[in-house]
Amino acid sequence: MENSKKSKKPIAIIAVIALLAAAAVVIFLINNSKLSASTMRMLRREGVVRLFEFDKEKTITENLRLNAGNVLNTETSSLAGIALDDTKIVTINELSRAQFDQKGKKLDINLTDGSLFFEVTKKLDSDETFDIRTSTMVVGIRGTSGYVAADENGNDVVVITDGQVEVVGTNPVTGEVKTITVKAGQRVTCYLYNDRATDSIMFELEDLVEEDLYPFIVKRLAENERLITLVCEDTGWSREKILGIADGSIQTDTMYAQETTPGAEAAPDNDDDGNGDSDGSKNAISTDSGTGDGSNDGEAENGTNSDGAVDQGDDTSQNAGNTPAAQTETAAKSSVKAYVASTDANGVMHLTNGTLFDPGYYARQNPDVVSEVGNDPYKLLEHYLAFAESENRYGTEAEQQQAQAEKDAAYQQFVNDLNAAYAEEYEAAKAEAAKNSGGGSDNGSDSGSDSSNSSNGTLADSGSGTPTSHTPGTTGP
């Protein structure tokens, strides 16, 4: 009997150890899943999008992961779609600048120029925060969708398309702070009055109809079936009317309205630090794309001409005699010329593997490469052959467009998968909300005692004064 008891004790110990090991594996997998889900990554990119890390421009690669402190700049006719995690997506509009900061479950986006659309498909946990900050407002998001921007006069604007948010406004000059709740179908505009100590920050709250929506909002709704259904249910807007505005069959005044601050791109930022110039102007690529003295004199210096074509002229300082520069250029040509079957009248190289390479396009799209290797077509080809695939660069516009189409399809699949994953949860939440509210719905403006709230477009201000137009990026809260 004694021997039997002794033999069972080691077996019991081994069993406990095995259970603890299994529990550790489960905990690791859960935590690993959470870490993976919180990874910020780029889902979509159109046009020219620039990434900065610690004030240095970085190359945007396939399936780019963003780090805390990263800054994204978009240029004209460009956008960037970012998955903040598996339930939060932001789409950054053209001519915009956004900085991403994340610390644990605290997530901030600092929008210093332009506009963005946000979508959160699942309400945040009690210990999570997600704030979008502008120069005058902090938008606290719990589980909703909407749009944050500066209007044509430089005033900060928030449009909520489903759910509701709390907006905290701050006058950076007087330090006055006010708060307002914005519901689905409403727009709030923040005005500053720096000529008085009280009521120096005021809100204008308006109920919107479909024709009032900015084009960027309409496009985001039209491309997402789940979202447009949810938004129309929450606001009472017509799905057919929104889709008609999106495809151009219904004309509205907002289709021609400027969504960002006018003149914001007038002055280029020549320091390329990603932070904008001290006068509040946004980053822009210098119109002098040559590799000379960097001055913005409109003349190409041994580089890309003003029309974007690669300069293959007979600059005597580079091509005359037996100079080191000439020897280097000759060596570059001889090392890659075997890959070139022919070159057409436009300078496009037909490579021996059947593909095309356009040196002018490659130079325009990759200024960091030009700063490193120069504008010689063969040096650019050498870089393309060595690094293009690993660094997500393209040899022609057609190649880039094909890759973009594949990315768009992958993005749409991501959205579809996301919608399917949360469809059941959304229906349950909607049923619970209807049960708690007795089936009622309140999309009207807040009738509380907050004197800063205003419905039907009336500014909550009984005093006089002129609102101060404020361009985002010039000051901070």
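Where is the place of Cys190? Cys190 sits in strand 17; helices (H or I, at least four residues) and strands (E, at least two) are DSSP runs, numbered from the N terminus. The model is a predicted one, in which local features need pLDDT of at least 70 and side-chain atom pairs count only at pLDDT 80 or more, while totals for chains, interfaces and linings use all residues. Residues are numbered from 1 along each chain as its sequence is written, and side-chain values use heavy atoms, with hydrogens and water left out.

With a relative accessibility of 2%, Cys190 counts as buried. Buried means under 20% relative accessible area, exposed means over 50%, and partly exposed lies in between (1.4 Å probe, protein chains only). Apart from its neighbours within four places in sequence, Cys190 is in contact with Thr136, Met137, Asn155, Asp156, Ile201, Met202 and Phe203, where contact means heavy atoms within 4.5 Å. For Phe203, 13 residues away along the chain, the C-alpha atom is separated from that of Cys190 by 4.8 Å.

The protein chain as a whole has 10 helices and 21 strands. Of its 477 residues, 43% are buried. Among contacts with a separation of 6 or more, 56% are between residues 24 or more positions apart.

Salt bridges come next. A salt bridge is a side-chain nitrogen of Lys or Arg within 4 Å of a carboxyl oxygen of Asp or Glu, and the structure holds 20 of them. One of these joins Asp199 and Lys178, at 2.7 Å from N to O. Asp199 lies in the loop between strand 17 (186–192) and strand 18 (201–207), and Lys178 in strand 16 (residues 177–183), so this pair ties together parts that are 21 residues apart in sequence. Asp199 is partly exposed, its relative accessible area being 27%, whereas Lys178 is buried at 12%.

Another salt bridge links Glu128 with Lys88, with the closest N and O atoms 3.3 Å apart. Because Glu128 is in the loop between strand 10 (115–120) and strand 11 (129–133) and Lys88 is in strand 7 (residues 88–92), the pair connects parts that are 40 residues apart in sequence. Glu128 counts as buried at 16% relative accessibility, and Lys88 counts as buried at 4%.

Strand 11 also carries Arg133, while Asp108 belongs to strand 9 (residues 106–113), so a pairing of these two ties together parts that are 25 residues apart in sequence. Arg133 is partly exposed, at 26% relative accessibility, and Asp108 is buried, at 13%.

The axes of helix 2 (residues 215–222) and helix 4 (residues 239–247) come within 9 Å and cross at roughly 115°. Axes here are lines fitted to C-alpha atoms, for helices over the stretch in contact, and angles run from 0 to 180 degrees between N-to-C directions. Helix 2 and helix 4 are therefore roughly perpendicular to each other, since angles of 65 to 115 degrees count as such, under 35 as roughly parallel, over 145 as roughly antiparallel and the rest as oblique. Val218, Leu221 and Ala222 of helix 2 make the contact with Ile242, Leu243, Ile245 and Ala246 of helix 4.
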